[in-house]
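Subject: Structure for your review

Dear colleague,

Please find below the structure I promised to hand over.

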Amino acid sequence: MIAGYFVRAPEIFLEDIVRDLSLLASTLAGYATILGILTLSLVHVDHISKRREGQWIYSVILLALTMVMIGVGLIGIIGTHPYFTWFYAFPLTALDSTTYSILAFYIASAAFRAFRIRSGEALVLGITGIFVMLMNAPIGAAIWPGFPVIGKWIMDVPNASAFRGFIIGSSVGAIAIGLRVLIGRERGVLGRS
Amino acid sequence: MFFLLLSFAIFYFFMSRAMRGRVSKMRSLAGLQAMPESVGKAAETNRPVHFTPGTVGFTGGVAGYAAQTFAGLSVLSYVSKLTAKYKVPLYVTVAYGELIPVVEATIRESYTSEGRVDAVSSETHVLFYPIALSNAPYASGVLGLFERIRPASNIMIGGFYFEALAIAEQGFVQGAIQIAGTAMTHQIPFFVAACDYALIGEEIFVAGAIASQDVTLLGSITGQDVLKAIILALLVLGFTIQNLGVDILSIFKL
């Protein structure tokens, strides 16, 4: 797989081998999803059979909706059935967007704690945060034309340099852990000690 | 390709060197040191520990970040040894089905090494909250779980997306000691803001190695630092040559 990323060798069918291996991995992951659904079902059947307080009714809803989605998915096994499209486009998308939108409140509460100035570092964070926020908000330039200029400088110079250092460090770390897994030295993973 | 082979050679050299007994001194990671304390708090308060190896699987479009999931599993090995030792219930939530057998094997091995394999079925719970349109189903599943189990410790190591902040804030609401780490650049500020301890970027890739105190793994960390020093030297060299009027960037077609 690594060689396939760097080497173009049609004469030894390297691309074909890489494509087949990728397909194999995706197929295995598909079977693993079935395993996941089985595990999920077992956990929630257990909740229902033991009538766990505050839980079992949600387990019923979850299992029922899982069965409904699988059912309407199987109806349209050749092409997508309109029922499946409806379930996907209306309840699922709306629920998904709702969960995502909760993030706005979480950001507000986390920012409230993060921007409390209790140390020198927190003061620097607070000041840079104000400049960057006023750079993005239209009112910033209206208050003082310097806000967008300083905000852009913060993003382009100190932020970009720290970001690049971070990327280099993370990439080196990812290569290292990749090698450790490949040669079997990362013993914590895959249940080896 | 050349750089990747050079990286492998450097790592292998320092791993072999460590196996011969020459191990460099490691700086401590506050987040890693806090893990026994957080699991200890869970034992004292009779509340469980929640762990997640992130919302990145081994296949599909997100597989490019799978190294972070491996880093999370490596830390899980350490955390599950602590929960086995302190007899604390452990909840692990995963977003991809292929992680379930890997997580279960990791936990089983840790409990076996602590002589408590019989407690795996009663004290550990691997919960699957699948990803659908986005990570929202996983996020809402974990938020609901937190309401029910009220974890005393929430440890999140791996690749995360928007759910990072949602889970961390819910953990704060539940009063959990929170240790989180990721190499996802856009999620780190959230972890720093919302959690008690944050492992930043490459720290997640070394946390498991430091926790294990395995000399070979510690050797690879030395290799990482050497490789970073080489990259830094190349950056300074390239910057100098370019500013001397030689267009070195054109050689690399940048």
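The notes below take each chain in turn, then the contact between them, and lastly some individual residues. Please bear in mind that this is a predicted model.

Chain A

Chain A holds 8 helices and 0 strands, and its order along the sequence reads α-α-α-α-α-α-α-α. Its radius of gyration is 26 Å, whereas the globule rule gives 16 Å for 193 residues, so chain A is more spread out than a compact globule. The C-alpha trace of chain A spans about 60 × 55 × 45 Å along its principal axes. Of the 193 residues in chain A, 15% are buried. Where contacts in chain A join residues at least 6 apart in sequence, 2% of them link residues at least 24 apart.

Within this chain, helix H3 (residues 56-75) and helix H4 (residues 82-101) pack at an angle of about 140°, and their axes lie 7 Å apart. That angle makes H3(A) oblique to H4(A). On the H3(A) side the contact is made by A:Met69, A:Val72, A:Gly73 and A:Ile75, which meet A:Tyr83, A:Phe84 and A:Phe87 in H4(A). By class, this contact of H3(A) with H4(A) comprises 6 nonpolar residues, 1 polar residue and no charged residues.

Chain B

Chain B contains 11 helices and 6 strands. A compact globule of 254 residues would have a radius of gyration near 18 Å, and the 20 Å of chain B agrees with this. Taken along the principal axes, the C-alpha atoms of chain B fill a box of roughly 65 × 45 × 30 Å. Buried residues account for 55% of the 254 residues in chain B. Among the contacts in chain B with a separation of 6 or more, 72% are between residues 24 or more positions apart.

The contact between the chains

The contact draws 52 residues from chain A and 60 residues from chain B. On the side of chain B that touches chain A, helix H10 (residues 215-243) of chain B gives the most, with 8 residues. That side of chain B divides into 33 nonpolar, 19 polar and 8 charged residues.

One helix pair across the two chains deserves a separate description. Helix H8 (residues 146-182) of chain A packs against helix H3 (residues 66-86) of chain B at an angle of about 65°, with the axes 9 Å apart. This makes H8(A) roughly perpendicular to H3(B), and H8(A) passes H3(B) in a left-handed crossing. From H8(A), the contact involves A:Ala174, A:Ile177, A:Gly178 and A:Val181, while H3(B) supplies B:Ala67, B:Phe70 and B:Ala71. The residues of this contact of H8(A) with H3(B) are 6 nonpolar, 1 polar and no charged.

Residues up to four places away in sequence aside, A:Ala110 touches B:Leu165, B:Glu169, B:Phe190, B:Ala193 and B:Ala194. A:Ala110 counts as buried because 23 C-beta neighbours lie inside 10 Å, the cut-off for a buried residue being 20 or more.

Individual residues

B:Ile204 belongs to helix H9 (residues 203-212) of chain B. B:Ile204 is buried, with 31 other C-beta atoms within 10 Å. Neighbours within four places in sequence aside, B:Ile204 is in contact with B:Gln68, B:Ala71, B:Ile157, B:Gly181, B:Thr182, B:Ala183 and B:Leu199. B:Ala71 stands 133 residues from B:Ile204 in sequence, yet the C-alpha to C-alpha distance between them is 6.0 Å. B:Ala71 is also one of the residues through which H3(B) meets H8(A).

A:Arg51, with phi near 50°, sits in the loop between helix H2 (14-49) and H3 of chain A. A:Arg51 counts as exposed, having 10 C-beta neighbours inside 10 Å. In chain B, phi of B:Lys87 is near 60°, and B:Lys87 lies in the loop between H3 and strand E2 (90-94). B:Lys87 likewise counts as exposed, with 11 C-beta neighbours inside 10 Å.

With kind regards

Key
Residues are numbered from 1 along each chain as its sequence is written. Chains are lettered from A and ligands numbered from 1 in the order in which they are written. This is a predicted model: local features need pLDDT of at least 70, side-chain atom pairs count only at pLDDT 80 or more; totals for chains, interfaces and linings use all residues. Axes are lines fitted to C-alpha atoms, for helices over the stretch in contact, and angles run from 0 to 180 degrees between N-to-C directions. Helices (H or I, at least four residues) and strands (E, at least two) are DSSP runs, numbered from the N terminus. Angles under 35 degrees count as roughly parallel, over 145 as roughly antiparallel, 65 to 115 as roughly perpendicular and the rest as oblique. A crossing is left-handed if the near helix is turned anticlockwise from the far one by less than a right angle, and right-handed if clockwise. Two residues are in contact if their C-beta atoms, placed from the backbone, lie within 7 Å. Ala, Val, Leu, Ile, Met, Phe, Trp, Tyr, Cys and Pro count as nonpolar, Asp, Glu, Lys and Arg as charged, and the others, Gly among them, as polar. The radius of gyration is taken over C-alpha atoms; the globule rule is 2.2 Å times the number of residues to the power 0.38. A residue is buried if 20 or more other C-beta atoms lie within 10 Å of its own, exposed if 12 or fewer, and partly exposed in between; C-beta atoms are placed from the backbone.
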